[in-house]
Amino acid sequence: MFDKIVITAANEAQAKGYRAMTRDDKRVVVIADPGGKRVGSLGATVNALRRIPSGGNVLVCHSGGDARRTPGYAAMGKAFVPMADGRSMFAHIVETMERLPLPDHGGLLVCSGDVLLTFDYASADLSRPGVTGVAYPDGPFQAQRHGVYIAAKGGRPYGCKTVTGFLQKPKVEKGRHLIDTGIMFIDWPTAEKMKALPVAGDIYEEFPKMLLEGFAPFNVNVMRKCEFFHIGSSRELLAQLGDGRTYVDSVNCSDLKLSGGNIVTNVPFGRFKSISLGRNECLTCLPLGKDEWYDLHYMLDDNFKTDGLWEKHDLGAKMKRVNHARLLSLRKEAAMSKPIRVERPLRIDLAGGWSDTPPICYDNGGAVLNVAVRLDGCRPVVAEVSRIPAKEVVVESVDLGERGVLSKMSDIYGEKDPHDWCALVKSALAVTGYRFAPTGLSIRIFADVPKGSGMGTSSILGAALVEALLKAAGKPHDPDTVARITLRLEQEMCTGGGWQDQLGALYPGVKLIETRKGRDQKFSVKRLPQKAEKEFARFLKDRGVLYFTGQKRMARNVLRGVLAFYATNPHGIAHAIVAALKRDAVASYRALCRGDWRGFSVALNSYWMNKKALDPGSTNPQVESIIARITPWTDAVSLAGAGGGGFLFAVAKSKAAKAKIEAVLAAAGNGGRCYRFDVDS
């Protein structure tokens, strides 16, 4: 987690726009190049170092370009191009950079704001003194377009090495070369020295020369492979984010006639009755000043960087006049008019459950290991929200076959009955602060999971709906915010419950989630390293069994028993069990990091025993009968969630043993079935 995130900008006008687009993240500081002139990425880094206090982990994301080859987003900057999930490229860059294992002593991590990189983040070693770049081996085509490291010979081909040379776009025709990813980690002693440098130069050209001349130790971390997501031109934008034929974003015009090769962005309501574009014609609208608009028509392959079009349209001056508040308002209105669909996976709790439940987590802090999973290849929990003209909320539960209309504030903010099929929707509207506005909402919810499954379905459905409502309202909808609001939703519904269900589905993959004691539960989410997660996914494919027992149960009934036992705490037993549950979670995480399947199975069995010790209602004779049938072929078993029925998760002794377990369970009848599942990474 970064203590501070710096975005560099070419001038104060661009910086003002970046501040408007990042105002919800208090860690972000936008720093413009001094004097309104471009000073290069090294100059911008030095300028930033002089402006921020030293210490901790700081990300510097260089975003001072004009985006001339993607004019559809020149007003916003390429770092804020919306990705397929609606979040900006910048949000994805921060998320991926936070997966790098930064050293305890902290430092400055530098990256580019127009490139999204995918590699084995966990294997990076940034702990050496001085400066450490990140590179990967590739052929001459990429070498001719990027910086190239030359590393000391000898030792392993991958890992951290001393840099002996650095070339910029060398004219090579064969061989493998260490391609610069643009990521550079600078320790604080070196960063302090950099403050004395001139505010000028390129960090990927001048700085490597200085390092090779002895300014500071210079290393490169060589990764096995790396994938670049880069939008360098309008044609790449169309190919990467469009449907291959057109790309339309934030357009308030229902009558679009597009011939192919079209990019249409940022069109305000009422600007055009209809838009008709020929082959490869594109359009974006720039909000200038208080109420002026400039309609920029261009062709898909126009290059505003070299063909004089930037100057012809006087875009340098116009970009300084862009009213970013109006631009964001336009985009918010366009987003609100679109149907919003949120799909979420389920979660299997592998250890630590109950330690996340108030008041247990308030008194002790929590530690839970869980994994986000798809069932039969799908994310089975769905919430859809769209605006409708009528001042009412139309609610449909597809799996329950129910439909209703909420037309009064008392329908939403009155007392909730947990048995009411619409209680979850009413509570979600209440905790997100919904008010009947000039328009209403259509809400559609769906969970393709057996009721009482133990897979966190109700909390995850609540989280999905909260996320959809926040998106529809243009409010922050990061995982922590959604998780906290979902906790309030459960309190509103009077069902209780902890935080692990929603966090299990809001964060992908396998993760250890921990909190400290206290009523303000701040979540620390530690994702399993990428390599270990892939190995665990293969392990589950070969040996994991997920079986619905046919036994439905209400989690809140089990919850009452657990909390009553915890409150009385006879002889300190309940508190000791909670401590053991937390140890199970940490032990399971460490075992998975090592690929220690035996250790993981031991921790899973310990978790099941501790759950039953905390509440005997975690199991019943029917469940014990099912477990007894498959015991000869299992290494570990546990019931998902609170237990008492629902889904059973088992680890088979081998691939063949898994097939035997599934055959035995299929023959047992009793309304159960095995599900195909996989890790949602």
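This is a short tour of a predicted model, stop by stop.

Residue numbers start at 1 in each chain, following the written sequence. Local features need pLDDT of at least 70, side-chain atom pairs count only at pLDDT 80 or more, and totals for chains, interfaces and linings use all residues, while side-chain values use heavy atoms, with hydrogens and water left out.

**Stop 1: the second largest pocket**

Select K78, S112, D114, H230 and K305. Of the 44 lining residues, these lie nearest the centre of the second largest pocket. A pocket is an open set of points on a 1 Å grid over the protein atoms alone, with protein on both sides within 12 Å along at least five of seven lines; lining residues have an atom within 4 Å of a point. The volume of the second largest pocket is about 1,600 Å³, taken as the space filled by probe spheres set on points joined across faces, edges and corners.

Now colour β1 (4-9), α2 (40-51), β9 (177-186), β11 (227-230) and α7 (234-241), the elements that give two or more residues to this lining. Helices (H or I, at least four residues) and strands (E, at least two) are DSSP runs, numbered from the N terminus.

**Stop 2: the cavity**

Select I93, M97, C111, S112, V115, L116, L117 and T181, which line the largest cavity. A cavity is a set of grid points where a 1.4 Å probe fits but cannot get out. β5 gives the largest share of its lining, three residues.

**Stop 3: α13 against α15**

Show residues 423-431 and 479-493. The axes of these helices, α13 and α15, come within 9 Å and cross at roughly 125 degrees. Axes are lines fitted to C-alpha atoms over the stretch in contact, with angles from 0 to 180 degrees between N-to-C directions. α13 is therefore oblique to α15; angles under 35 degrees count as roughly parallel, over 145 as roughly antiparallel, 65 to 115 as roughly perpendicular and the rest as oblique.

A423, L424, S427, A428, A430 and V431 in α13 meet I485, R488, L489, E492 and M493 in α15, where contact means heavy atoms within 4.5 Å.

**Stop 4: two backbone details**

Most residues other than glycine have a negative phi, and most peptide bonds are trans. Centre on P358 and P359: the peptide bond between them is cis, with omega near 0 degrees. P359 sits in the loop between β19 (346-351) and α11 (360-364). Then go to K169, where phi is positive, near 50 degrees. K169 is in the loop between β8 (159-168) and β9.
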